[in-house]
Amino acid sequence: MPRVVYNTATTLNGYIADEENSLSWLFVVPSADQAESAFSTFLAGVGALVMGSTTYEWLLDHENLIDHPEKWFYPDIVSFVLSSRSLPQIVGADIRLRRGDVGALWAEVSQAAGSADIWIVGGGDLVGQFADAGHLDEIRVSVAPVTLASGKPLLPRRIESDRMTLEAVAQTGQFAELVYSVRGGSVG
């Protein structure tokens, strides 16, 4: 059974995007490129990814993916986008637009991943839905030396420390990476 991993960057005060859904704060952190190159090792073990519509729309806009589909970051990974709205498709990318409950989607996502990991790209509420459904195995957070006055929270759910175990701490440039296993993860 695949593991479900939330791997993201966050500000020191727990935001994954600013109030306009921008990640501009992330790209100006010194050594961000070093942290990004280490990310390719993680990505090599991913068989499917899931993201919410806000994340997908930000990627569409930021990379101008409708006009430049070759810029899609994940050409070899089955990608699920959860949204209650109709969204444009990126030509040539295996993007599956879905609606509804994370639990109802679980069989399709886990089958697409095979024995590889499922990466929950974001946002935080989507990750919370996976946690609520018992389908969150690991949280990997790269903490950046940035604070924002407001924005999109890392994980807007209450998950107590009895469900999480710190597995690793590492430094990559200016980022501190924390890895927690989550009990009550994949339930089949």
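This is a predicted model: local features need pLDDT of at least 70, side-chain atom pairs count only at pLDDT 80 or more; totals for chains, interfaces and linings use all residues.
What volume does the largest pocket have? About 1,300 Å³.

**View 1. The largest pocket and its lining.**
The largest pocket, with a volume of about 1,300 Å³, is lined by 47 residues. Nearest its centre lie Thr8, Leu23, Leu26, Trp119 and Val121. Helix α2, residues 32–43, gives the most to the lining, with 10 residues. Sorted by class, the lining holds 24 nonpolar, 16 polar and seven charged residues.

**View 2. A stacked pair of aromatic rings, Phe27 and Trp58.**
The whole structure contains eight aromatic pairs. One of them joins Phe27 and Trp58 in a stacked arrangement. Two distant parts of the chain are linked here: Phe27 sits in helix α1 (residues 24–27) and Trp58 in helix α3 (residues 53–63), 31 residues apart. Are the two partners buried or exposed? Phe27 is partly exposed, at 43% relative accessible area. Trp58 counts as buried, at 16%, because the cut-off for buried is under 20%.

**View 3. A cluster of aromatic rings.**
Which residues do ring pairs link into a cluster? They are Phe39, Phe42, Tyr56, Trp72, Phe73, Tyr74 and Trp119. Trp119 is also among the residues nearest the centre of the largest pocket. Tyr56 is one of the buried residues of α3.

The buried residues of α3 are Ser53, Tyr56, Trp58, Leu59, Leu60 and Glu63. Just after the helix comes Asn64, with a positive phi of about 50 degrees. Asn64 belongs to the loop between α3 and β4. This residue has a positive phi although it is not a glycine. Asn64 is partly exposed, with a relative accessible area of 34%.

The largest nonpolar core has 26 residues. Those with the most contacts inside it are Val50, Phe80, Ile118, Ile120, Phe130 and Leu136. At least two residues of this core come from each of β1 (4–11), β3, β4, α4 (102–113), β6 (117–122), α5 (124–132) and β7 (138–144). Helix α4 gives the most, with five residues. A second, separate core has 20 residues, including Leu60, Ile77, Ala93 and Ile95.

**View 4. Phe130 and its contacts in the largest core.**
Phe130 is one of the residues with the most contacts inside the largest nonpolar core. Which residues does Phe130 touch, not counting those up to four places away in sequence? They are Val4, Val50, Val102, Trp106, Ile120, His135 and Leu136. Among these, Val50, Ile120 and Leu136 are also listed with the most contacts inside the core.

**View 5. Val109 in helix α4.**
Val109 is buried, with a relative accessible area of 1%. Leaving aside neighbours within four places in sequence, Val109 is in contact with Ala48, Val50, Phe80 and Ile118. Val50 lies 59 residues away along the chain, yet the two C-alpha atoms are separated by 8.2 Å.

**View 6. Met51 in strand β3.**
Met51 is buried, at 0% relative accessible area. Leaving aside neighbours within four places in sequence, its contacts include Tyr56 and Leu59, two of the buried residues of α3. Met51 also touches Trp72, Tyr74, Phe80, Val81, Leu82, Val121, Gly122 and Leu126. Ile95 is 44 residues from Met51 in sequence and 10 Å away in space, C-alpha to C-alpha.

**View 7. Backbone details in two loops.**
The peptide bond from Gly122 to Gly123 is cis, with omega near 5 degrees. Gly123 lies in the loop between β6 and α5. Asn21 is in the loop between β2 (15–17) and α1. Its phi is positive, about 65 degrees, although Asn21 is not a glycine. Asn21 is partly exposed, with a relative accessible area of 24%.

Notes. Residues are numbered from 1 along each chain as its sequence is written. Side-chain values use heavy atoms; hydrogens and water are left out. On a 1 Å grid over the protein atoms alone, a cavity is a set of points where a 1.4 Å probe fits but cannot get out, and a pocket is an open set with protein on both sides within 12 Å along at least five of seven lines; lining residues have an atom within 4 Å of a point. Grid points are joined across faces, edges and corners, and a volume is the space filled by probe spheres set on the points. Helices (H or I, at least four residues) and strands (E, at least two) are DSSP runs, numbered from the N terminus. Ala, Val, Leu, Ile, Met, Phe, Trp, Tyr, Cys and Pro count as nonpolar, Asp, Glu, Lys and Arg as charged, and the others, Gly among them, as polar. Rings of Phe, Tyr and Trp (its six-membered ring) pair if their centres lie within 6.5 Å; planes under 30 degrees apart count as stacked, over 60 as edge-to-face and the rest as tilted. Buried means under 20% relative accessible area, exposed over 50%, partly exposed in between (1.4 Å probe, protein chains only). A nonpolar core is a set of buried Ala, Val, Leu, Ile, Met, Phe, Trp, Tyr and Cys residues joined through side-chain atoms within 4.5 Å. Contact means heavy atoms within 4.5 Å.
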